[in-house]
Amino acid sequence: MKLSSSPLSTIRFLNFNSPLIISPLSFNFPKTTFTRFPNFSIHTTTSSPAITAAESQLAPPKPLPHLPWLIVGLGNPGKKYNATRHNVGFEMVDAIAESEGISINNVNFKALLGRGFIGNVPVMLAKPQTFMNSSGESVGSIVSHYKIPLKHVLVVYDDLDLPFAKLRLLPKGGHGGHNGMRSIIDSLKGSRDFPRLRIGIGRPPGKMDAVNFVLRPFNKQEREELEFTFERGIEAVRILLLEGFDKSATVVNSTKAMEQLG
């Protein structure tokens with residue numbers, strides 16, 4: 001499959017100190033299926049139409065549209081790596097896509113992409129196809145092209161330092177030795193200020209090498225437990241986009257709260 005780097009659409013974020021006029025959204029899809037990522041453009045103006053006193057009392061203020069989110073799952077492409085520990089980021093994004101009715105069937109920016117909505121929030125789901133250690137080549141290009149604020153870029157990936165099947169949501173941080181995250185941080189000119197959802201895969205048993213461990217598939221019992229983790233991850237992402245980071249982090253990082261979700 002040839003990976004293209006042609007643009008998908010354009011998102012511009014300009015001066016937020018001026019009054020805003022939100023351009024109409026361009027859609028081309030049935031009501032229950034989203035096949036196009038909306039072209040969200042924000043324009044500024046120095047004047048506004050006159051509004052009478054009566055009109056101002058009758059017409060409630062229109063809420064601003066939600067800014068789009070980019071949700072990236074990390075992994076390695078190819079059947080050889082399917083269902084391995086290093087690919088739980090891919091699997092989480094696939095679970096989100098299935099839950100929200102989003103098709104990940106486009107190829108651009110060296111990634112598989114899906115575009116749609118979670119609630120009323122526009123999202124782009126991405127699975128970089130560059131292999132793990134070069135994930136930043138894809139993510140950096142998407143972020144740069146669409147001018148997505150880093151606080152709206154969620155990266156989902158595996159973590160050796162978390163107990164198996166545990167989730168941890170953080171607002172920012174380093175790469176922690178994860179080469180995929182290292183590549184993304186490098187592509188963002190060293191910025192670490194983007195949220196990340198870590199999925200625990202546990203430590204290798206005995207003296208097993210970590211590289212070999214992360215490329216191993218899950219056993220049947222682990223796979224069953226992981227399915228519950230994906231369900232909780234889906235709910236965590238919904239809360240993040242619809243209610244904010246603090247609420248989502250409280251739920252995700254609290255064992256009691258996660259048990260209640262289960």
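A pocket is an open set of grid points with protein on both sides within 12 Å along at least five of seven lines. In this predicted model, the largest pocket holds about 510 Å³ of space. Its lining consists of 26 residues. Among them, H86, L160, G177, H178 and N179 lie nearest the centre of the pocket. Three elements each supply at least two lining residues: strand β7 (153–159), strand β9 (196–200) and helix α5 (210–214). By class, the lining of this pocket has 9 nonpolar, 10 polar and 7 charged residues.

Helix packing was examined next. Two packed helices are described by the angle between their axes and the distance between the axes. Three pairs are described here in turn.

Helix α2 spans residues 88–100, and helix α6 spans residues 220–243. Their axes come within 9 Å and cross at roughly 60°. The crossing of α2 with α6 is right-handed. On the α2 side, the contact is made by V88, E91, M92, A95, I96, S99 and E100. On the α6 side, the residues are R223, L226, T229, F230, G233, I234, V237 and R238. The contact of α2 with α6 divides into 8 nonpolar, 3 polar and 4 charged residues.

Helix α6 also packs with helix α7 (residues 245–252). The angle is about 160°, and the axes are 7 Å apart. Helix α6 is therefore roughly antiparallel to α7. Their crossing is right-handed. From α6, the residues A236, I239, L240 and E243 take part. They meet F245, K247, S248, V251 and V252 of α7. This contact of α6 with α7 has 6 nonpolar residues, 1 polar residue and 2 charged residues.

The remaining pair joins helix α3 (residues 135–146) and helix α4 (residues 179–187). Their axes cross at roughly 40° and come within 7 Å. That angle makes α3 oblique to α4. Helix α3 passes α4 in a right-handed crossing. S135, G136, E137, V139 and G140 form the α3 side of the contact. G180, S183, I184 and S187 form the α4 side. By class, the contact of α3 with α4 has 2 nonpolar, 6 polar and 1 charged residues.

Key:
Residues are numbered from 1 along each chain as its sequence is written. This is a predicted model: local features need pLDDT of at least 70, side-chain atom pairs count only at pLDDT 80 or more; totals for chains, interfaces and linings use all residues. Side-chain values use heavy atoms; hydrogens and water are left out. Axes are lines fitted to C-alpha atoms, for helices over the stretch in contact, and angles run from 0 to 180 degrees between N-to-C directions. Helices (H or I, at least four residues) and strands (E, at least two) are DSSP runs, numbered from the N terminus. A crossing is left-handed if the near helix is turned anticlockwise from the far one by less than a right angle, and right-handed if clockwise. Contact means heavy atoms within 4.5 Å. Ala, Val, Leu, Ile, Met, Phe, Trp, Tyr, Cys and Pro count as nonpolar, Asp, Glu, Lys and Arg as charged, and the others, Gly among them, as polar. On a 1 Å grid over the protein atoms alone, a cavity is a set of points where a 1.4 Å probe fits but cannot get out, and a pocket is an open set with protein on both sides within 12 Å along at least five of seven lines; lining residues have an atom within 4 Å of a point. Grid points are joined across faces, edges and corners, and a volume is the space filled by probe spheres set on the points. Angles under 35 degrees count as roughly parallel, over 145 as roughly antiparallel, 65 to 115 as roughly perpendicular and the rest as oblique.
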